[in-house]
Amino acid sequence: KGKGKGNGKGKKKKQSTDANGWEVYKIQIASGSTDYPMLVYNSTRSRKTFLHPVVDGDNCAVYERVKEVIMKEGREGVLGGDGRKGYFDGIYKDGKIGLRLDGMTLKDDVKW
């Protein structure tokens, strides 16, 4: 018992960072959402946050740009529908996740 796939008790995923501390983060747009926060997390899910559409009462330009890129170039979620996902480089520093958005291109063929 407890050895089947998908039970969450298998091997732990190894967190992969480069020499400078950068790692890949997945950003997900929920199916059916228009302006809901986007989930942002690393491969081990040890670092998670949300990217919000409105910050301190102002529209967040980064949110809009990330959403635009994912909707155009991202991949469909596993459940189908209109949910989308994209992969970006990020770094964890001083308790915050910083995303590398220069050029706003998605990582290709990331396998977790």
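This is a predicted model: local features need pLDDT of at least 70, side-chain atom pairs count only at pLDDT 80 or more; totals for chains, interfaces and linings use all residues.
Residues are numbered from 1 along each chain as its sequence is written, and side-chain values use heavy atoms, with hydrogens and water left out.

Helix α1 covers residues 61-73, where helices are DSSP runs of H or I with at least four residues and strands are runs of E with at least two, numbered from the N terminus. Within α1, Tyr63, Val66, Lys67, Val69 and Ile70 are buried, buried meaning under 20% relative accessible area, exposed over 50% and partly exposed in between, with a 1.4 Å probe and protein chains only. These buried residues line one face of the helix, because they fall within an arc of 165 degrees seen down the axis of α1, the arc being that of the directions from the helix axis to the C-beta atoms. The face turned away from the buried side carries the exposed residues Ala61 and Lys72.

The largest nonpolar core has 12 residues, among them Tyr25, Met38, Leu51 and Phe88; such a core is a set of buried Ala, Val, Leu, Ile, Met, Phe, Trp, Tyr and Cys residues joined through side-chain atoms within 4.5 Å. The largest share of this core, 4 residues, comes from α1.

| Residue | Phi | Relative accessibility |
|---|---|---|
| Asp56 | near 50 degrees | 76%, exposed |
| Asp94 | near 55 degrees | 73%, exposed |

Asp56 lies in the loop between β4 and β5, whereas Asp94 lies in the loop between β7 and β8.

Notes: The expected span of a helix is 1.5 Å times one less than its number of residues.
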